[in-house]
Amino acid sequence: MIFSRSGGLSEDSSAASMNACGDLSPADFVSHRPPKQHSFTSPALSLGLQTDMEGHLNLSRMMAGDENDSRSGSDNLEAVSGDDDDQEQNPRKKKRYHRHTPQQIQELEALFKECPHPDDKQRLELSKRLCLETRQVKFWFQNRRTQMKTQIERHENAILRQENDKLRAENMAIREATRNPICNNCGGVAMLGDISIEEQNLRVENARLKEELERVCALAGKFLGRSMTSFPAHNVDVAPPPFPSSLLELGVGSNGGFAGLISPAAPDLFPPAPAIINPLDGAAVATSADRSMLLDLALAAMDELVAMAHMDLPLWIRSTDGGSETLNYEQYHHSVRRIAGMSPAGFVAEASRQTGMAIINSLALVETLMDCDRWANMFSAIVAKASTVEVICNGVGGTKNGSLQLMHAELQVLSPLVAIRELNFLRFCKQHAEGTWVVVDVSVDFIRESVSSGSNCRLMPSGFVVQDIPNGYCKLVWVEHAEYDEAQVHHLYRPLLRSGLAFGAGRWLATLQRQCECLAILLSASNVDESGTITPIGRRSMLKLAQRMTEAFCTGVCASSAHEWTKLESHSIGPNVHVMTRKSVGDPGEPAGVVLSAATSVPLPLISPKRLFDFLREASFRSKWDILSNGGPMYEMAHIAKGQDAGNAVSLLRASVRIYSINQLHLLTDQSIHKHNSNLKPKFRFEIKLQAVNSNQTSMLILQQTCIDASGAMVVYAPVDVPAMHLVMNGGDSAYVALLPSGFAILPDGGGSSHGEGSLLTVGFQILVNNQPTAKLTVESVETVNNLISCTVQKIKAAVFHYGD
């Protein structure tokens, strides 16, 4: 069948139609296949609408257009989307009309739902699978997009037509009312001159305020879980009575917005902020409009999270080990009312759910989550930095019920090969029943047309449902759902992120359980230093120092904005080794000078995370990998347990042999490297100063913190001055103890190993290369630090395989 350029059938189409339809006669073909008007052949028919003599829409023609357009996505016309110049040069050239099979249409429609704009590679793969030409696939998608655009335009036109009819009816009613005005006081005929301009403006303003109040009351009712009532309308000639029974009052400004909601029971429910700073563009926006969008987004995210937390199979698929659950996306698209549309280009999704118990009550947990500082401290291995941009709602009655905050956070995986995730999100908390709370996070990108500039991740509705149970425990159902740019993730860590072990619900819940267990043990009266050398006050001071040491280690590995790191590029730096530098001006807890940080991640496919962790934390095996110990053993002077697992502890180690002076560190690295690789040349000699070590000491102290849970493990340590550590152990202030941490982060490989359970090991060092902040960094210092980290990795690989034999 051939279409002319005007969109109709040409005379030459009869023969082609007979050939395409078998034995059907032209009359039979016309009766079964009426000619259809394609929306893309003429601009006048793009909406499938025509008008009659009086300008009204012809609905019968529009309905006929719907029937025709419904088939445009399943047909392929080669003449359309072709070269117009060829058609003009060969006007009589016949074009064949193809109709796809139902199976082909089904495959095409399935891909169109996922990706309306496939690239050349996707079109080529689909054409091979469906036995079609790539041109046919390309034209089908062009026609399908045109059809969808036409349907949307037709729908919008119908809505506009209805609004136009409504406005026309209101206009007629107003005209009729103005012909015979009635006085509200006497009921007689009124003259327009009797009502002053000021009074007319007051009536209009009164009506607008009443409508605004009704909307605010309805919105607040969703937060409080009960219906809200507003005061009745009053005649402008009579002063309205007091407002004692209303739960909310509306503060109205001259511009028609509202400054805040005030409740007699909770006067700080909505703080009267003049404007909200939009984190996406940094500009102040109208308070009323922005708050309305944020409140609607928070409520929709809450509904989606609760639905995903309570639904089981087939929405969630449990893993083979019976632990975490992964999302069935096909079922998710059909059974959950989503707030998100199409994913940004290049983004992939990850979703997981985990159920468990923790030693904490629901109210304490909610209070921790709604305080950004306490939240970042609780999950310091995941949250690199957090801040509250704006408190939109404070909650009801002095509680966190209905609290809504706009927050900014940086999330991290302890590896330099995984980029920091920067999020601008809403955190909404609501009490659903006595002892039952829900906390949901959702990116504010959903109230914009696209992901904010430079963002590599957007957070779908995520959070938890927590319910109190006896004995001080609570039960949690944790859901994490996000979309991220996989191109910014190294291939070693892509299986880990896809499995949900990096940012998934399992990691959040495991960290919470470990921290709660640690807090419970530290508060128990039976928990004392096993060596008996530390007082209770000294124990608390030592734990604070260990916590600060671990947080400093995490910031050095992942280069968050908590410190201003400058990444170094040099040919002397090994592959996958990230070297950064910053200047310390002598802040409390940090030595003054130029600080160098080096970190790398390596796979250990045959070593389980538990085995690797035990090898690195044991003081008796430290000489196997620590070149500063020079092969000598170390002994544990003090030990503070932080959990039922022996691996969760803070220890103080002491070396029994003399440590080389730091200006001889290059000799240590050279000897160790030549032992493993004789091809490497000796390195330059220079002086590196590690905190707490000098040539006059015959021994040193090492503060070490180890922690392990189902999501991974860490071993962090730092050399400390003996006098400073004695002061801390006696209860002195640990905030002024200067240290630079080093250590290891251990994560499962996420199934990326073909040899079974494996590990991903991250090694990080922070070194003071010069005690003058204005000093320049030398090439020799970078080379030696690179050798130090390479030598440590080689020693660990060589020794860990024999551990436990």
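Me: Which residue in strand 22 is the bridge partner of Arg654?
Reply: Leu701 is the bridge partner of Arg654. Keep in mind that this is a predicted model.

Me: How do strands 21 and 22 pair, and over how many bridges?
Reply: Strand 21, residues 649–655, pairs with strand 22 in the antiparallel sense, with six bridges.

Me: And what about strand 22 with strand 23?
Reply: Those two are antiparallel as well, over nine bridges, with strand 23 covering residues 712–720. They form a hairpin that has two residues between the strands. As an example of a bridge, Gln705 has Val716 of strand 23 as its partner.

Me: Is strand 22 buried or exposed?
Reply: Buried: nine of the nine residues, 701–709, are, so the strand is largely enclosed by the rest of the structure.

Me: Which of its side chains point which way?
Reply: Leu701, Leu703, Gln705, Cys707 and Asp709 point one way, while Ile702, Gln704, Thr706 and Ile708 point the other. In a regular strand, side chains alternate between the two faces of the sheet.

Me: Zooming out, what order do the strands of the sheet follow?
Reply: The sheet is open and has nine strands in the order 17-18-19-25-24-23-22-21-20, with antiparallel pairing. Strand 17 (566–568) and strand 20 (634–641) are the edge strands, each pairing on one side only. On average, neighbouring strands are turned by 20 degrees against each other, direction ignored.

Me: Which strands does helix 14 touch?
Reply: Helix 14, residues 505–523, packs on the sheet and touches strand 20 and strand 22. Its direction makes about 125 degrees with that of strand 22.

Notes:
Residues numbered from 1 in each chain as written. Predicted model: local features only at pLDDT ≥ 70, side-chain atom pairs only at ≥ 80, totals over all residues. Heavy atoms only, no water. Buried < 20%, exposed > 50% of the residue type's maximum accessible area, 1.4 Å probe, protein only. Helix = DSSP H or I, 4+ residues; strand = E, 2+ residues; numbered from the N terminus. Pairing = 2+ DSSP bridges. Axes fitted to C-alpha atoms, helices over the stretch in contact; angles between N-to-C directions. Contact = heavy atoms within 4.5 Å.
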